[in-house]
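Subject: Structure handover

Hello,

Here is the structure you asked for, followed by notes on what was found in it. Please read the notes with the model open.

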Amino acid sequence: MASLKVPASVPPPYEDAEQLNKAFKGWGTNEGLIISILAHRNAAQRNLIRQVYAEAYGQDLLKDLDKELSSDFERVVLLWTLDLAERDAYLANEATKRFTSSNWVLMEIACTRSSHDLFKARQAYHARYKKSLEEDVAYHTTGDFRKLLVPLVSAFRYEGEEVNTMLAKSEAKILHEKISDKAYSDDEIIRILTTRSKAQLNATLNHYNNSFGNAINKNLKEDADNEFLKLLRATIKCLTYPEKYFEKLLRLAIKKIGTDEWALTRVVTTRAEVDMERIKEEYHRRNSVTLDHDIAGEASGDYERMLLALIGHGDA
């Protein structure tokens, strides 16, 4: 359900590479040309453009973009142009650094990617950083956060739709017992959330709701200021209704005093080819205004044009 508008007739990659090279020449960069090409090419096409560009000009397209662009526009273009696995590896690495650390970004990558995509991100992490994502997450987190995040980023969930109803009922009971005892980081809660398929988890949480009269996240709101509980609730939301998680993230990024451009950029670039249509529908339902309207109101210039093109709006 991607929003990205790819033209019906896409020029061959060598033409795109040539046009991008022209965009860097002369007095000032032609940002409009960059948007018109990169914002309308899918992941496979962007990878081919990078490959052809390197062969034709002996330069890494990403390095040339980095040299020519600046600020939020540079960041959105670079993130978008990265290979999907490279992008996730980069985001995860940033999330383990001291000044940009974010348990939320690590959880988001672990819970909203397919098993195959998460595996490829771990491989890309090895290749780029010469160590494993798991070891960095383990080293940079502590306590209950480490207990949850390490198995989350290590997961390789089954992706089929098959559900074991008896198992769903029994594990719903286990979850309820542990939450009633306020044993929020109990091994059984961690095991269920970090190993079960998304279909199985949905069945378990439906049984939880039906058997105990409350959605699980309602029962996890016991302590509003508990940071681990906030992350646990977000984990469940990402695994079951990612569009609701991303809608809220976008809403908070746009509505806060001083837009959170990093969150806005991250969500748009990582979801444009995945579930942006569902996110936009959820945003409109929740806010009674369209996402493109709010982005246009908060972002400006080339940054705004790139974001709008990626979510399926604008003529850029």
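Predicted model: local features only at pLDDT ≥ 70, side-chain atom pairs only at ≥ 80, totals over all residues.

V153 is buried, at a relative accessible area of 2%; buried means under 20% relative accessible area, exposed over 50%, and partly exposed in between, with a 1.4 Å probe and protein chains only. V153 sits in helix α10, residues 143-154. Helices are DSSP runs of H or I with at least four residues, numbered from the N terminus. Leaving out residues up to four places away in sequence, V153 touches L106, A110, L118, R122, L133, E134 and V137, where contact means heavy atoms within 4.5 Å.

Residues are numbered from 1 along each chain as its sequence is written, and side-chain values use heavy atoms, with hydrogens and water left out.

Domains. The assignment gives domain 1 (11-68), domain 2 (84-152), domain 3 (163-238) and domain 4 (240-309); the bounds come from an automatic or database domain assignment. The C-alpha centres of domain 1 and domain 3 are 46 Å apart.

Helices α7 and α12. Helix α7 (residues 103-112) is mostly covered, with eight of its ten residues buried. Those buried in α7 are V105, L106, M107, E108, I109, A110, C111 and T112. In helix α12 (residues 187-195), the buried residues include I189, I190, I192, L193 and T194. Among the elements that cover the buried residues of α12 are α10, α11 (165-180), α13 (198-212) and α15 (227-240). D186 caps the N-terminal end of α12, with a side-chain oxygen 2.8 Å from the backbone nitrogen of E188.

Cysteines. The structure has zero disulfides, a disulfide being a pair of cysteine sulfur atoms within 2.5 Å. The cysteine sulfur closest to that of C111 belongs to C238, and at 5.7 Å it is too far for a bond. C111 is buried at 0% relative accessible area, and C238 is buried at 1%.

Annotated positions. UniProt, in an unreviewed entry, places the feature "binding site" at F24, G26, G28, E68, I254, K256, G258, A296 and E304. These positions span 281 residues in sequence and their farthest two C-alpha atoms are 38.9 Å apart, so they do not all gather at one spot. UniProt positions are in the numbering used here, feature names are shortened, and annotations may be inferred rather than shown by experiment.

F24 lies in the loop between α1 (13-23) and α2 (31-38) and is buried at 9%. Beyond four places in sequence, F24 touches T29, I34, Y53, L61, D64, L65 and E68.

I254 belongs to helix α16, residues 242-255, and is buried at 3% relative accessibility. Its contacts, again leaving aside neighbours within four places, are T259, L264, Y283, L291, D294, I295 and E298.

The "binding site" annotation in the unreviewed UniProt entry also covers E298, which is in helix α19, residues 291-298. E298 is partly exposed, at 41% relative accessibility. The side chain of E298 makes a polar contact of 2.7 Å with the side chain of T259. A polar contact is a pair of N or O atoms within 3.5 Å; within protein, one must be able to donate a hydrogen and the other to accept it, and residues adjacent in sequence count only if both atoms are side-chain atoms.

Regards

Key. Helix = DSSP H or I, 4+ residues; strand = E, 2+ residues; numbered from the N terminus.
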